[in-house]
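Thanks for making time this morning; I would like to walk through the charged side chains and then turn to the pocket. Please keep the structure open while I talk.

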Amino acid sequence: MKNINIKQMFLDGILYKNPVLVQLLGLCSVLAVTTSISNGIGMGAAATVVLICSNLLISLLRKYIPKQVRIAAYIVIISGFVTAVELLIKAFLPALDASLGVFIPLIVVNCMILARAEAFASKNKPLPSIIDGLAMGVGYTVALVAISAVRELLGAGTLMGIHVLPDSYEPMLIAILPPGGFIILGCLIALTQKIISSRDEKLKSVAEKTTAEIEEKEAEVNVG
């Protein structure tokens with residue numbers, strides 16, 4: 001665990017480097033499956049399992065995969081785990097399989113997973129790669145659930161299929177249609193960027209204050 005900042009890795013995955021809301025990866029499947037929270041959780045969990053397993057295996061094989069064929073090798077490894085996850089979902093969660101449909105096998109071409117393989121797993125040891133896969137998977141799932149919750153609440157007046165808004169509420173059907181998905185995604189991206197900008201401004205202010213204090217002390221020493 002030496003030199004692994006687990007807290008920072010999870011903060012990056014969930015917020016500061018969120019694969020959906022910051023890096024804007026895998027948006028096609030995000031917009032397609034986030035019509036309900038159950039879909040968002042299912043898709044996020046499936047992608048997280050694939051991320052962890054593929055990161056681990058790619059990290060273990062990183063010294064043996066020739067650079068010339070590394071992308072093809074990564075895709076083969078990822079596709080193997082996606083097939084395993086798809087078969088497990090078909091066997092034990094047929095309702096989720098029917099709901100997500102083709103988007104489970106399409107995890108193979110989700111650029112988020114390939115990006116983590118190329119940017120992190122291929123350059124780091126197995127344990128950090130596992131943590132990175134888990135952190136990014138959790139961040140991906142959080143983003144999916146956030147988008148799904150807003151779309152389901154506005155579009156159907158429910159959360160996890162349970163009615164939470166009064167019967168008098170008229171569902172905003174646009175929320176569960178593609179245009180509504182784009183609008184809600186854009187709003188969440190803007191909110192995330194606002195949070196990140198506020199943090200950066202705060203860090204910049206602290207750094208400037210610290211620099212000023214150091215310069216002031218140095219000036220006092222020189223005068224003395």
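Predicted model: local features only at pLDDT ≥ 70, side-chain atom pairs only at ≥ 80, totals over all residues.

Let me start with Glu-118 and Arg-70, whose side chains meet in a salt bridge at 3.1 Å, N to O, where a salt bridge is a side-chain nitrogen of Lys or Arg within 4 Å of a carboxyl oxygen of Asp or Glu. Because Glu-118 lies in helix α6, residues 111-119, and Arg-70 in helix α4, residues 70-92, the pair ties together parts that are 48 residues apart in sequence; helices here are DSSP runs of H or I, at least four residues, numbered from the N terminus.

Residues are numbered from 1 along each chain as its sequence is written, and side-chain values use heavy atoms, with hydrogens and water left out.

By the same rule, the count comes to four salt bridges. Another of them joins Arg-116 to Asp-132, with the closest N and O atoms 2.7 Å apart. Since Arg-116 lies in helix α6 and Asp-132 in helix α7, residues 126-156, this pair ties together parts that are 16 residues apart in sequence. Are these two residues, Arg-116 and Asp-132, buried or exposed? Both Arg-116 and Asp-132 are buried.

Next, Arg-199 meets Asp-200 in a salt bridge at 3.0 Å, N to O; Arg-199 is partly exposed at 29%, and Asp-200 is partly exposed at 36%. The charged end of Arg-199 also sits over the ring of Tyr-16, 3.9 Å from its centre, a label that requires NZ of Lys or CZ of Arg within 6 Å of the ring centre and within 35 degrees of the ring normal.

Finally, the pocket. Both Glu-118 and Arg-70 return here, among the residues that line the largest pocket, together with Arg-62, Ile-65, Lys-67, Tyr-74, Ser-122 and Lys-123. A pocket is an open set of points on a 1 Å grid over the protein atoms alone, where a 1.4 Å probe fits, with protein on both sides within 12 Å along at least five of seven lines, and lining residues have an atom within 4 Å of a point.

Note on methods. Helix = DSSP H or I, 4+ residues; strand = E, 2+ residues; numbered from the N terminus. Buried < 20%, exposed > 50% of the residue type's maximum accessible area, 1.4 Å probe, protein only.
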